[in-house]
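Student: Could you walk me through reading a model like this one? I would like the general idea, then the case at hand.
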Amino acid sequence: MTPELTDTEIAEAKAALRAEFPEWSIIYTTDTRRWWANRGPLVREYLDERSSVDADTPDGLRRKINEPVSPQRQTR
């Protein structure tokens, strides 16, 4: 289970992720305690499985955002 974070820890983690990945929207959901990142805005032709990623922790989200996209997963 994901550890509970304080409001301050959540705000600090979001700020760090937003500074590191300005092209991504960073979201933390309090009901599920999950982290999400959405890339965009994108037009339909450029949406793929890397347009949105989620993780249990800020570090997990950072790793997923940084995952390389394989050539067969890339869109136009």
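Student: Which residue in β2 is the bridge partner of I26?

Tutor: Glad to start there, and keep in mind that this is a predicted model. The bridge partner of I26 in β2 is A37. That bridge belongs to the pairing of β1 (residues 24-29) with β2 (residues 34-39), which is antiparallel and runs over 6 bridges. In the hairpin, 4 residues lie between the two strands, and R33 takes a positive phi near 55°.

Student: Which residues of β1 are on the covered face, and which on the uncovered one?

Tutor: W24, I26 and Y28 make up the covered face of β1, while S25, I27 and T29 make up the uncovered one.

Student: And helices: which residues of α2 are buried?

Tutor: An α-helix has 3.6 residues a turn, so residues three or four places apart point the same way. In α2 (residues 58-66), the buried residues are P58, G60, L61 and I65. They sit on the same side of α2 because they cover an arc of only 155° around the axis.

Student: What do the buried residues of α2 pack against?

Tutor: They pack against α1 (7-20), β1, β2 and β3 (52-55).

Student: How many aromatic pairs are there?

Tutor: In general, a pair of aromatic rings is described by the distance of the centres and the angle of the planes. Here the count comes to 1 aromatic pair. The ring centres of Y28 and W35 are 4.7 Å apart and the planes are at 50°, so this pair is tilted.

Student: Are Y28 and W35 buried or exposed?

Tutor: Both Y28 and W35 are buried.

Definitions and conventions: Residues are numbered from 1 along each chain as its sequence is written. This is a predicted model: local features need pLDDT of at least 70, side-chain atom pairs count only at pLDDT 80 or more; totals for chains, interfaces and linings use all residues. Side-chain values use heavy atoms; hydrogens and water are left out. Buried means under 20% relative accessible area, exposed over 50%, partly exposed in between (1.4 Å probe, protein chains only). Two strands pair if DSSP finds at least two bridges between them. The arc is that of the directions from the helix axis to the C-beta atoms. Contact means heavy atoms within 4.5 Å. Rings of Phe, Tyr and Trp (its six-membered ring) pair if their centres lie within 6.5 Å; planes under 30 degrees apart count as stacked, over 60 as edge-to-face and the rest as tilted.
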